[in-house]
Amino acid sequence: MGWVFTDEMRFYLHDGETLLQGMRRTQHQMVRFECQEGYCGCCKMRVTAKTGVVNMVRTPIAILEDDEILACCCCPVGTVCVTYVPKATDQHDDANLASWINLMNVSNNHT
Ligand code: FES
């Protein structure tokens, strides 16, 4: 499907393979993932350059900036350069956690 440049290496993404699947196949050491369904946000990557489009295979639920993608939810076409989004500076994870806590509090108040 196209070449992918990450912080660790360059590899070729196969047809129908998500970015996360390609990174796991090529044994990326720093790749993070949990749900593989687009809601935990662990596989968040920042797109620094691209020549084609980034097709989504499922709708991300995690909050993303304009230049961010979820590796488990996308199949880039063409050449794409991505970098890891550091977990410690990820403000959205805190926002997601706060939203989940609020939802849990609301559901607990109704039981
Ligand atoms: S692994 Fe959870 S959003 Fe990608």
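Mentor: Two strands pair if DSSP finds at least two bridges between them. Strands themselves are DSSP runs (E, at least two residues), numbered from the N terminus. The model is predicted: local features need pLDDT of at least 70, side-chain atom pairs count only at pLDDT 80 or more, and totals for chains, interfaces and linings use all residues. Residues are numbered from 1 along each chain as its sequence is written.

The part to look at is strand β3, residues 44-50. Strand β3 runs antiparallel to β5, and three bridges join the two. On that side, Lys44 stands opposite Leu70 of β5. Strand β3 is also antiparallel to β7, with five bridges between them. There, Lys50 is placed opposite Val80 of β7.

These strands belong to an open sheet of five, in the order β2-β1-β7-β3-β5 and with mixed pairing. Because β2 (10-13) and β5 (68-70) each have a single partner strand, they stand at the edges, and one side of each lacks a neighbour in the sheet.

The C-alpha atoms of Thr48 and Cys81 are 5.5 Å apart, although 33 residues separate the two in sequence. Leaving aside neighbours within four places in sequence, Thr48 is in contact (C-beta atoms, placed from the backbone, within 7 Å) with Cys81, Val82 and Thr83. Thr48 counts as exposed because it has 12 C-beta neighbours inside 10 Å; the cut-off for exposed is 12 or fewer other C-beta atoms within 10 Å, while buried needs 20 or more and partly exposed lies in between.

Technical notes:
Helix = DSSP H or I, 4+ residues; strand = E, 2+ residues; numbered from the N terminus. Contact = placed C-beta atoms within 7 Å.
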